[in-house]
Amino acid sequence: MNSVDMADNLIFRAKHLKEFVVETTVPDDFRFNGTVPFDMEIVGSIIKAKVYGIDFDEAVHIFDNWIDTCK
């Protein structure tokens, strides 16, 4: 990928990012580890996080990756 393609990809992402609410149950071994990069709320055993992505699947993937680092 050359620099023009990289710039085009970055501009596309910046134009098309949307905020999604990702909801999941709190994993048993979940612990906060460092900065929380999302607007997040935990009520009972449910986590609701506002995550930016191009589509909902990307937002879920980003959030799941972060959750995995907190175990």
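Predicted model: local features only at pLDDT ≥ 70, side-chain atom pairs only at ≥ 80, totals over all residues.
Reader: Let's begin inside. Which residues have the most contacts inside the largest nonpolar core?

Author: The general idea: in soluble globular proteins, nonpolar side chains tend to be buried together. A nonpolar core here is a set of buried Ala, Val, Leu, Ile, Met, Phe, Trp, Tyr and Cys residues joined through side-chain atoms within 4.5 Å. "Buried" is under 20% relative accessible area, "exposed" is over 50%, and "partly exposed" is in between (1.4 Å probe, protein chains only). In this structure the largest such core has 13 residues, and those with the most contacts inside it are Phe38, Met40, Ala49, Val51, Phe63, Trp66 and Ile67.

Reader: And which elements give two or more residues to this core?

Author: Helices and strands are DSSP runs numbered from the N terminus (helices: H or I, at least four residues; strands: E, at least two). Strand S1 (18–25), strand S3 (46–53) and helix H2 (56–69) each give two or more residues to the core. H2 gives the most, with four residues.

Reader: Take isoleucine 67, then. What is it in contact with, leaving aside neighbours within four places in sequence?

Author: Contact means heavy atoms within 4.5 Å. On that basis, isoleucine 67 is in contact with Pro27, Phe30 and Ile47, once those sequence neighbours are set aside.

Reader: Now the rings. How many aromatic pairs does a search of the whole structure find?

Author: Rings of Phe, Tyr and Trp (its six-membered ring) pair if their centres lie within 6.5 Å; planes under 30 degrees apart count as stacked, over 60 as edge-to-face and the rest as tilted. The search of the whole structure finds six aromatic pairs. One of them joins phenylalanine 30 and phenylalanine 32, edge-to-face, at 5.1 Å centre to centre with 70° between the planes.

Reader: What about phenylalanine 38 and tryptophan 66?

Author: They also form an edge-to-face pair, 5.5 Å centre to centre, with 85° between the planes. Phenylalanine 38 lies in the loop between S1 and S2 and tryptophan 66 in helix H2, so the pair ties together parts that are 28 residues apart in sequence. Both phenylalanine 38 and tryptophan 66 are buried. Ring pairs link Phe30, Phe32, Phe38, Phe63 and Trp66 into a cluster.

Reader: On to charges. How many salt bridges does a search of the whole structure find?

Author: In general, side chains of opposite charge can pair when their charged atoms come close. The cut-off for a salt bridge is a side-chain nitrogen of Lys or Arg within 4 Å of a carboxyl oxygen of Asp or Glu. The whole-structure search finds two.

Reader: Which residue does glutamate 58 form a salt bridge with?

Author: That's arginine 13, with the closest N and O atoms 2.9 Å apart. Because glutamate 58 lies in helix H2 and arginine 13 in helix H1, the pair ties together parts that are 45 residues apart in sequence. Glutamate 58 counts as partly exposed at 21% relative accessibility, and arginine 13 is partly exposed at 29%.

Reader: And where does lysine 50 come in?

Author: Its side chain meets that of aspartate 39 in a salt bridge (3.7 Å, N to O). Aspartate 39 is in strand S2 and lysine 50 in strand S3, so this pair ties together parts 11 residues apart in sequence. Lysine 50 is partly exposed, with a relative accessible area of 36%.

Reader: Which residues does glutamate 19 touch, not counting those up to four places away in sequence?

Author: Glutamate 19, in strand S1, touches Lys50, Val51 and Tyr52 on that count. Glutamate 19 is partly exposed, with a relative accessible area of 43%.

Reader: Last one: where is leucine 10, and is leucine 10 buried or exposed?

Author: Leucine 10 is found in helix H1 (residues 3–16). Leucine 10 counts as exposed because its relative accessibility is 60%.

Methods: Residues numbered from 1 in each chain as written. Heavy atoms only, no water.
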